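Please walk through this model slowly, keeping the sequence beside the 3D view as you read.

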Amino acid sequence: MPKIEKTDEQWRAELTPEQYKVLRQEGTERAFTSPLNNEERAGKFNCAGCGKELFEKTTKFDSGTGCPSFYAPVAEDAVSEHTDRKLFVKRTEVRCADCGGHLGHVFPDGPAPTGQRYCMNGIAMTFSPDEET
């Protein structure tokens, strides 16, 4: 159960139509369209719905899929995983642990050290660069 609960009307008012489609209706953005694909600065990738920290730049890698990909979330409780059979094949859906927003899917074909590929919709996230000292 998500920690943050809002009405559909509240989500529609707070999110762009594209964010709403992905985060609240489990849509998928077109590959190679997210500016976050090319984000190389140190920092955190956060949920666009609630701001929760999800991934760190240090775990980001180029998977060749056209989606921001990571080998691990920032913390064990950052995301939740759910069985998804919508495409007639069993996949593992990834959601924000706080607001329940759909982020993407995780696959067992990523790099070391986890072997996981968290294939995320860039539109479902924002980026917060680390402060330079």
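Lys-57 is buried, with a relative accessible area of 17%, where buried means under 20% of that area, exposed over 50% and partly exposed in between, with a 1.4 Å probe and protein chains only. The model is predicted, so that local features need pLDDT of at least 70 and side-chain atom pairs pLDDT of 80 or more, while totals for chains, interfaces and linings use all residues. Residues are numbered from 1 along each chain as its sequence is written, and side-chain values use heavy atoms, leaving out hydrogens and water.

Lys-57 sits in the loop between strand S2 (53-56) and strand S3 (60-61), strands being DSSP runs of E with at least two residues, numbered from the N terminus. Beyond its neighbours within four places in sequence, Lys-57 is in contact (heavy atoms within 4.5 Å) with residues including Glu-39, Arg-41 and Phe-45. The side chains of Lys-57 and Glu-40 are joined by a polar contact of 3.0 Å, that is, a pair of N or O atoms within 3.5 Å, one able to donate a hydrogen and the other to accept it, with residues adjacent in sequence counting only if both atoms are side-chain atoms.

Strand S7 pairs with strand S6 (residues 91-96) in the antiparallel sense over 4 bridges, pairing requiring at least two bridges found by DSSP, and Gly-104 in S7 is the bridge partner of Val-94. Strand S8 (residues 117-120) also runs antiparallel to S7, joined to S7 by 4 bridges, and here Cys-119 in S8 stands opposite His-105.
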